[in-house]
Amino acid sequence: MKIYADNAATTPMHPAAMKAMLRCMEECYGNPSSLHTTGQRAKETLETAREEIAEALNAAPRELIFTSGGSEADNQALRSAAALGRKQGKTHIISTAFEHHAVLHTLERLEREGFSVTLLDVHADGLVRPAELEAAIRPDTCLVSVMYANNEIGTVQPIRELGAICRAHGVLFHTDAVQAVGQLPIDVQAQHIDLLSASAHKFHGPKGIGFLYARRGVPLTPLIEGGAQERGKRAGTENVPAVAGMAAALKEAVAGMEENAARLRVLRDRLIEGLNTIPHAALNGDPIRRLPGNVSFCFEGVEGEALLLLLDDRGVAASSGSACTSGALDPSHVLLAIGRSHDVAHGSLRLSLGPDTTEAEIDYIVENVRDVVAHLRGFSPVWRDLTEGKAAFIL
Ligand SMILES: *Cc1c(COP(=O)(O)O)cnc(C)c1O
């Protein structure tokens, strides 16, 4: 068995995306800024892709710029809103403690530059309460940034409600929608979104390409200075094949979205039910308001890293915490934010399913997680203390 259950870290490319890229590399190698026909051919491909992506979000093509991915889009969204806020004398930003590091580290830097940041509680279920957002807004608040869906525990925020509150208070609303684009329906107008970040490799497109949506009238500050590409908002010759691949991947994702989500929810719930039969284990985050393919668990008395490596030996590719923190021994900031203790947070496992996941694979995963957890507990001093009553079970 070879099972890929790490689609939240990255996804395999859709054949239509690869085909679009190959065609583009063969046929539109020109520089979109060149005035000759070869250049204009590339420019056309770029602008068609922009139109297609915009349509999928109910945005206008002019409201999108292409970036190197989700991290760059997050950085630019926050920096742009902060620059605008500074001009207006507003230097307060609201976000949450369990954002992606692309947001959290940018916020830390803005704090060092004189901004103040309020991080909203995401509660034990991993969900922001709209009333708490409203209460946190001050006259000097310039930006609210709340991720659409969490990359570790998969919880999906009430984006439209949060957006409506921001709009009513005249505060810019950014959402890191990297985990949501292609998985969940998005309408930037109906959901009152001012800024939105996305990344192609999370929806079966290529790596190193993404986009930032900025509502008309929201000025973007360039992070990269140079030529006048992307209407002066992002310098550098555009990666036309990657953009074409991203547009093709999104088209496929949107076309199959409902069917794929319905199928994934059934598999997800089967996996949750199976893992719940393991003693002293618990699901992280709300069981329903979560991404269709996300399952995140904590197992008491187990090291997540060891669990991950032993599962890899058995052919299952999963993740412990987020891809960005695995390798580091700090427990996941996401799990700490929903109130997991350090010990419990260390025993975390994320399984993120994809369109190729089958029921047989789910059953194989449950059986093998059960096995490996029992095996690891067999020689865990933490588990021994728990079973001998020297420490109290939490889960
Ligand atoms: C993957 C991810 C990012 C970073 O995107 P890159 O394209 O890899 O830079 C940002 N936010 C979330 C929620 C993600 O899952």
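S348 is a buried residue, having a relative accessible area of 3%. The model described here is predicted.

- S348 belongs to strand β12, which covers residues 348-352.
- N284 is 64 residues away from S348 along the chain, and the C-alpha atoms of the two are separated by 8.9 Å.
- S348 counts as buried because its relative accessible area of 3% falls under the 20% cut-off.

**The ligand and its shell**

- The shell around the ligand consists of 13 residues, of which S71, D176, Q179, S199 and K202 come nearest.
- By class, eight of the shell residues are polar, three are charged and two are nonpolar.
- Helix α3 (residues 70-87) supplies three residues, the largest share of this shell.
- The side chain of S71 places an N or O atom 2.7 Å from an oxygen atom of the ligand.
- In the case of S199, an N or O atom of the side chain is 2.6 Å from an oxygen atom of the ligand.
- D176 has a polar side-chain atom that lies 2.7 Å from a nitrogen atom of the ligand.
- On its own, the ligand has 380 Å² of accessible area, and the protein covers 86% of this area.

**Salt bridges**

- The structure contains 19 salt bridges.
- One of them joins the side chains of E52 and K251, with an N to O distance of 3.6 Å.
- Because E52 is in helix α2 (residues 37-57) and K251 is in helix α7 (residues 240-255), this pair ties together parts that are 199 residues apart in sequence.
- E52 is partly exposed at a relative accessible area of 30%, whereas K251 is exposed at 53%.
- R138 and D140 also form a salt bridge, in which the closest N and O atoms are 2.9 Å apart.
- Both members of that pair are partly exposed, with relative accessibility of 36% for R138 and 23% for D140.
- A further salt bridge links the side chains of D194 and R215 at 2.6 Å, N to O.
- D194 sits in the loop between β6 (172-176) and β7 (195-199), and R215 in the loop between β8 (210-214) and α7, so their pairing ties together parts 21 residues apart in sequence.
- D194 is buried, with a relative accessible area of 2%, while R215 is partly exposed, with 29%.

Note on methods:
Residues are numbered from 1 along each chain as its sequence is written. This is a predicted model: local features need pLDDT of at least 70, side-chain atom pairs count only at pLDDT 80 or more; totals for chains, interfaces and linings use all residues. Side-chain values use heavy atoms; hydrogens and water are left out. A residue is near a molecule or strand if one of its heavy atoms lies within 4 Å of it. A polar contact is a pair of N or O atoms within 3.5 Å; within protein, one must be able to donate a hydrogen and the other to accept it, and residues adjacent in sequence count only if both atoms are side-chain atoms. Accessible areas come from the Shrake-Rupley method with a 1.4 Å probe; for residues, only the protein chains shown count as cover. Helices (H or I, at least four residues) and strands (E, at least two) are DSSP runs, numbered from the N terminus. Ala, Val, Leu, Ile, Met, Phe, Trp, Tyr, Cys and Pro count as nonpolar, Asp, Glu, Lys and Arg as charged, and the others, Gly among them, as polar. Buried means under 20% relative accessible area, exposed over 50%, partly exposed in between (1.4 Å probe, protein chains only). A salt bridge is a side-chain nitrogen of Lys or Arg within 4 Å of a carboxyl oxygen of Asp or Glu.
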